[in-house]
Amino acid sequence: MNRLKKKDLLTLGFMMFSVFFGAGNLIFPPALGQAAGENTVLAMLGFMTTGVGLPLLGITAIALAGGEYVELLRRRTFPWFATALLVILYLIIGPLFAMPRTGAVSFEIGIRPFMSEGDITIPQLIYTAIFFGASYYLSLNPNKLIDRVGKMLTPALLIVLVILFLRTFAAPMGGVLEATGAYIDAPYAQGFQDGYQTMDLLATIAIGALVVNAVRYRGVTDTRTIGKACLAAGFITVSLMACVYGSLAYLGATSATVLGHSENGGQLLAESVRIFFGAGGNVLLALIIILACITTCCGITSSAAMFFHKLFKKKISYERLLLFSILFSFGASNIGLTQIISLAVPFLVAIYPLVIVFVILSLFDRVIGWRKSIYQGSVLVTLIFSLTDALHAAGLGSAALYDLLAQYVPFYSVMMGWVCPAAVGAVAGFLVSLGQKEPAAKEA
């Protein structure tokens, strides 16, 4: 069989959405809306560029590559670069940051409001043990994840979200206030950077591999059909994500007159649902958070375990890697949500531009594919600027160097100084390729 039914494609789209849509997707858009105020539309355009547009481009690139995207990365850049980038990527979206964040967020917002004041160490340990235990069970057989997640958990999540959004639009809490902070002068750029925190573009590569495996499990082996299935599921996913992001941002933008400016998006959501639904509001929010976080955790832990299983040439079993990832995430999730978010920022600033550049170039691979120097020149120059930005974000960079670069490099002051250098690197790579001979098609 080399064809999927419409029902299967819909299930694929639901699964992809549920894996994408996790902790960060819930807490960052409402916080953006509250802070951006009257500039919410511009800020959300920036957020959706990185949170919706770029993941769609990534899914499209995976589809064009017939699902073999990791191999494309290795062929077009450098073996050392591809391996290092993928290892860091899977660690970020896996046990280091994204997975622990799912446990921490679901506890902080979904469980803690029901608890009395006092020491939460033991309750948090118990909850995260149950949370990651369930994630481990759901992820033991990744080929069945499409059924468990796409058919059961995602529809329940969407129903709960629809209830919240209908209430939000029917009777907003208040009016929209003026923008604050960086959203006053550069709402789009700030929204663009906020989209990094969702980690959705990074997850695209991992989730793309998961979807490809799910399609193959259904008996589809044709590369073109696999690519079409990835693309169809991707359109379903980003459409749902855009609707959810916009609704969450609207919730945040209309909340400031009543709630003031909340410390974070989780607190904002908790207070909003309490006002909308009273005592039952916390139960509704708990369902949203726990469903969103556990589905995301299932997807990314499966993808990370499969990647390292192949990286170690299957010498370490998938089940053992899965267990190690779950146990590490369980421990890390108990250090606190604030610490997890702050530690992730420098890593995201370092890796995101590299993935963006490669995804964009790979969309034109049929034209420039054999000219590897275009990929290589662009990613190497981008690497220099992304590492500089990462050091600055970690508080380790030179203030004098930062001021110098901000003065002469376009967009550097808004943490997007890599854009023009990446283009220059691509042009330089193209010029180098003019002196090279096109190899045979099978070697390109």
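A search of the whole structure, a predicted model, finds 18 aromatic pairs. Here, rings of Phe, Tyr and Trp (its six-membered ring) pair if their centres lie within 6.5 Å; planes under 30 degrees apart count as stacked, over 60 as edge-to-face and the rest as tilted. One of these pairs, F131 with F132, is edge-to-face, at 5.0 Å centre to centre and 85° between the planes. Both F131 and F132 are buried, where buried means under 20% relative accessible area, exposed over 50% and partly exposed in between (1.4 Å probe, protein chains only). Ring pairs also link Y90, F307, F308 and F312 into a cluster.

The model is predicted, so local features need pLDDT of at least 70 and side-chain atom pairs count only at pLDDT 80 or more, while totals for chains, interfaces and linings use all residues. Residues are numbered from 1 along each chain as its sequence is written, and side-chain values use heavy atoms, with hydrogens and water left out.

Returning to the 18 aromatic pairs, the rings of Y188 and F192 have their centres 6.4 Å apart and their planes at 35°, so this pair is tilted. Both residues lie in helix α9, four residues apart, about one turn of the helix; helices are DSSP runs (H or I, at least four residues), numbered from the N terminus. Y188 is partly exposed, with a relative accessible area of 36%, whereas F192 is buried, at 7%. Helix α9 (residues 187-194) is mostly covered, with six of its eight residues buried: P187, A189, G191, F192, Q193 and D194.

Y188 also takes part in a nonpolar surface patch with V41, L42 and L45, which together have about 380 Å² of accessible area. Areas come from the Shrake-Rupley method with a 1.4 Å probe. Helix α3 (residues 40-64) gives the most to this patch, with three residues. L45 has its place in α3 and, at 47% relative accessibility, counts as partly exposed.

Helix α9 is also among the helices that each supply at least two residues of the lining of the largest pocket.

Definitions and conventions:
Patch = residues over 30% accessible without salt bridge, like charges linked within 9 Å, V, L, I, M, F, W, Y side chains within 5 Å. Salt bridge = Lys/Arg side-chain N within 4 Å of Asp/Glu carboxyl O.
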